[in-house]
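Welcome! Take a look at the model first, and then read on.

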Amino acid sequence: MSHLTDTQLQSLADGTLRGPEGLAAREHCEACAGCGASLTLYSALVGRLSALKDPEPPADFTATVLAALEVREAHLVTRRHTLLAAIPALALALFAIIGWALNTQVNRLIEGVSVARTVWVAVGPVFAAIRLPLGIGAFLFLAVVLTALSRTLKPAYARVTAGS
Ligand SMILES: [Zn+2]
């Protein structure tokens, strides 16, 4: 039998060369000094390799991952708060638009009539004074509409919650 190849020696060392082929190879190694020495070398190498362990993760690995998750969670909460803060801003914008529309309407109505214009000059300061109440009225109207809407939507939401 000719000398064993490196592949055969490695397979013999790590135990994957079995059966009659493995037996013949082992017998050759016992008789041949060169192949025996190579097998000893490969066996030592296999022993060293199997003794290697997976590298340990850094001690602060878990803490770092958890901290990163917390930062992400905080970002999500901030975004939610921003959305919630946008709702009053939207209501304020609507209130401003309605108030401005009412003022514009009153101005146009009065400017359309020349007699009334004279009256407008006289009562102008009075109207200017009631602009704020007009705006508040518009806001209250909006609040009533929103309350009515939420009352209408609530039973449906309650039903969905009870059903789940
Ligand atoms: Zn040999």
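## Getting started

Helices here are DSSP runs of H or I with at least four residues, strands are DSSP runs of E with at least two, and both are numbered from the N terminus. Ser43, for example, has its place in helix α3.

The model is a predicted one, where local features need pLDDT of at least 70 and side-chain atom pairs count only at pLDDT 80 or more, while totals for chains, interfaces and linings use all residues. Residue numbers start from 1 along each chain as its sequence is written.

## The chain as a whole

The chain has five helices and zero strands. Read from the N terminus, its elements follow the order α-α-α-α-α.

How many of the residues are buried? Of the 164 residues in the chain, 7% are. A residue is called buried if 20 or more other C-beta atoms lie within 10 Å of its own, exposed if 12 or fewer do, and partly exposed in between, with C-beta atoms placed from the backbone.

Contacts tell another part of the story. Two residues are in contact if their C-beta atoms, placed from the backbone, lie within 7 Å. Among contacts in the chain with a separation of 6 or more, 62% join residues 24 or more positions apart.

## Where α1 meets α3

Helix α1 (residues 6-14) packs against helix α3 (residues 33-51) at an angle of about 50°, and their axes are 8 Å apart. Axes are lines fitted to C-alpha atoms, for helices over the stretch in contact, and angles run from 0 to 180 degrees between N-to-C directions. The angle makes α1 oblique to α3; angles under 35 degrees count as roughly parallel, over 145 as roughly antiparallel, 65 to 115 as roughly perpendicular and the rest as oblique.

On the α1 side, the contact involves Leu9, Gln10, Leu12, Ala13 and Asp14, and on the α3 side Cys35, Ser38, Leu39, Tyr42, Ser43 and Val46. Ser43 counts as partly exposed because it has 16 C-beta neighbours inside 10 Å.

## Where α2 meets α3

How far apart are the axes of α2 and α3? They are 6 Å apart, and the two helices pack at an angle of about 110°. That makes α2 roughly perpendicular to α3. His28, Cys29 and Glu30 of α2 make the contact with Cys35, Gly36 and Leu39 of α3.

A nonpolar core is a set of buried Ala, Val, Leu, Ile, Met, Phe, Trp, Tyr and Cys residues joined through C-beta atoms within 7 Å. The largest one has eight residues: Leu4, Leu9, Leu12, Ala13, Ala25, Cys29, Cys35 and Leu39. Helices α1, α2 (19-31) and α3 each supply at least two of its residues, and α1 gives the most, with three.

Leaving aside neighbours within four places in sequence, Ala25 is in contact with Leu4, Gln8, Leu12 and Leu17.

## Further along the chain

Finally, look at Leu140, which lies in helix α5 (residues 114-163). Is Leu140 buried or exposed? Leu140 is exposed, because 11 other C-beta atoms lie within 10 Å. Leu140 and Phe95 are 45 residues apart in sequence, and 9.0 Å apart in space from C-alpha to C-alpha.
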